[in-house]
Amino acid sequence: MAVHVTDSQESAFLQQQSIKMLIGGQWVDSASGKTFDTINPSTGEVLAKVAEGDQEDINRAVAAARKAFESGPWPKFTPSQRGRLLLKLADLIEENAEELARLETLDNGKPIKYSKASDVPLTADHFRYFGGWSTKLEGNTIPVSIPNMFTYTLREPLGVVGQIIPWNFPLQMASWKLAPALACGNTVILKPAGQTPLSALRLGQLVCEAGFPDGVVNIVPGFGETVGAALAAHPDVDKVAFTGSTEVGKKILEASVGNLKRVTLELGGKSPNIIFPDADMKFAVRGALNAIFFNQGEVCTAGSRLFVHQSVYDQVLNGLTDAASKMKLGPGIDPSTDLGPLVSQKQLERVTGYIEIGKREGATPTTGGERATGDLAQGYFVQPTIFDRVRDDMTIAQEEIFGPVVVAMPFEEIEEVAARANKSIYGLAAGVWTSDVKKAHKMAAALKAGVIWVNTYNMFDAAAPFGGYKQSGYGREMGHAVLDAYTQIKTVWVNLR
Ligand code: ADP
């Protein structure tokens, strides 16, 4: 097996013959004995072999999660005990931060400076935030108008939860899913993306070390059409939480019909980022750069439609083009890298395919527009690409590309840009750059998106709700909003007469 990293903490994890899956507290091979390769996208080489789950593994994991939910120590845990486990897990993530950051970067490709500064600390933060919530899941007393009745509500866990996550922020997505589900007392089967299973499996080891009872967290790696589909359709799964493409989100919903399982969906986006002429231009240009090129543009909220007021359009485009052309492409593991490779050959083909469509439809890149060559030809690198004066009806202005490609479009009036920004099947996020407080609030009200950023972009915090309008999905993650997604309300009537 080719392992091209040594001398570091992660090598012991990677040098296992194959990395097993976590079912019922045991690390096991897949029922079929099959494994799959996970690839380093900076080089195209195999990083590790991972147990490849399928229907039978999902059956075993669901049975283990059901058992852990109904009997054994977990349902007897006090809220405080549940919270402590989440806090302990947050501590363990911090203790192993360096290793987790390196695994994340090797498997996904993202720059190590971001894995260290953002992915890992935000993951720990998420567990810590929800560790605090487990003791605060209150019901209500209800002032009913029927005499002598004492009526109250209990907030109870849903049961066995399937969680299907994407490859762009593997560790953070695992925390967004696991932390609130566990805080609320559910048991979980987590399916990491086939491209990036490593950090979630390492996290699984930390879950065991923290002392979660067997079967509370199960992790079954593998592919979407097999493991993912089996989990989404399983009759003994009470809820599925999914983050990924809108296309697959629709399949998850179809698969839920059999037992009417609860579904929450965090899906795609084509987010507008709007620069008004009264914005602080230096700030706005830097913001627009990060909005699209952070994480190689593999971000569901990426500011991929850049609307710039006609009067400052050339100034912004020149500044953005200059900054983008200076970004350093390279292997994620190099600390000086600004932009890593895309996650896979498939994603490389998707993104370069859209670039070709853009050119064919008559759009011109001011910079980029090609796959990177030379030393980087082995990996899945695409140059940061800015398409100039794109029309709203072009494919590249409408479809989610999920790569380092932004389309720039001039506008003149505030009402015009709000209407154009909203003309999308998506509604995940939007950015507004202005120093006029009235304009900022007016736009925040007018834009049909689940998150609005004013004079900032891609801000996330465990306490702030996140989720989509329209075909960007439904349900909210983070903050107390997500507690509704992992609990159900029971109303109790007591006749006191
Ligand atoms: P991408 O195409 O970029 O991989 P997806 O939306 O397909 O994005 O992937 C998000 C997650 O959904 C991944 O964990 C993937 O394995 C899973 N997935 C893909 N197809 C299905 C499916 N038919 N049913 C359930 N899960 C799926």
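This is a predicted model: local features need pLDDT of at least 70, side-chain atom pairs count only at pLDDT 80 or more; totals for chains, interfaces and linings use all residues.
Reader: Where does the ligand sit, and which residues come nearest to it?
Author: Start with the site: the ligand is in the largest pocket. There are 17 residues around the ligand. The ones that come nearest are Ile 165, Trp 167, Lys 191, Gly 228 and Ser 245.

Reader: Which helices and strand each supply at least two residues of the shell around the ligand?
Author: By type, the shell's residues split into 8 nonpolar, 6 polar and 3 charged. As for where they come from, at least two residues each are supplied by helix H8 (224-233), strand E10 (239-243) and helix H9 (246-255).

Reader: How much of the ligand's accessible area does the protein cover?
Author: A polar side-chain atom of Trp 167 is 3.0 Å from a ligand oxygen, and a polar backbone atom of Gly 224 is 3.2 Å from an oxygen of the ligand. Over at Ala 229, a backbone N or O atom lies 3.5 Å from a ligand nitrogen. On its own the ligand has 540 Å² of accessible area, and the protein's cover comes to 85%.

Reader: About how far apart along helix H2 are Arg 60 and Asp 57?
Author: Side chains of opposite charge can pair when their charged atoms come close. Arg 60 and Asp 57 form a salt bridge, 2.6 Å from N to O, and the whole structure has 25 salt bridges. Both sit in helix H2 (residues 55-70), and because they are 3 residues apart there, their separation is about one helical turn.

Notes
Residues are numbered from 1 along each chain as its sequence is written. Side-chain values use heavy atoms; hydrogens and water are left out. A residue is near a molecule or strand if one of its heavy atoms lies within 4 Å of it. A polar contact is a pair of N or O atoms within 3.5 Å; within protein, one must be able to donate a hydrogen and the other to accept it, and residues adjacent in sequence count only if both atoms are side-chain atoms. Accessible areas come from the Shrake-Rupley method with a 1.4 Å probe; for residues, only the protein chains shown count as cover. On a 1 Å grid over the protein atoms alone, a cavity is a set of points where a 1.4 Å probe fits but cannot get out, and a pocket is an open set with protein on both sides within 12 Å along at least five of seven lines; lining residues have an atom within 4 Å of a point. A molecule sits in a cavity or pocket if more than half of its atoms lie within 2 Å of its grid points. Helices (H or I, at least four residues) and strands (E, at least two) are DSSP runs, numbered from the N terminus. Ala, Val, Leu, Ile, Met, Phe, Trp, Tyr, Cys and Pro count as nonpolar, Asp, Glu, Lys and Arg as charged, and the others, Gly among them, as polar. A salt bridge is a side-chain nitrogen of Lys or Arg within 4 Å of a carboxyl oxygen of Asp or Glu.
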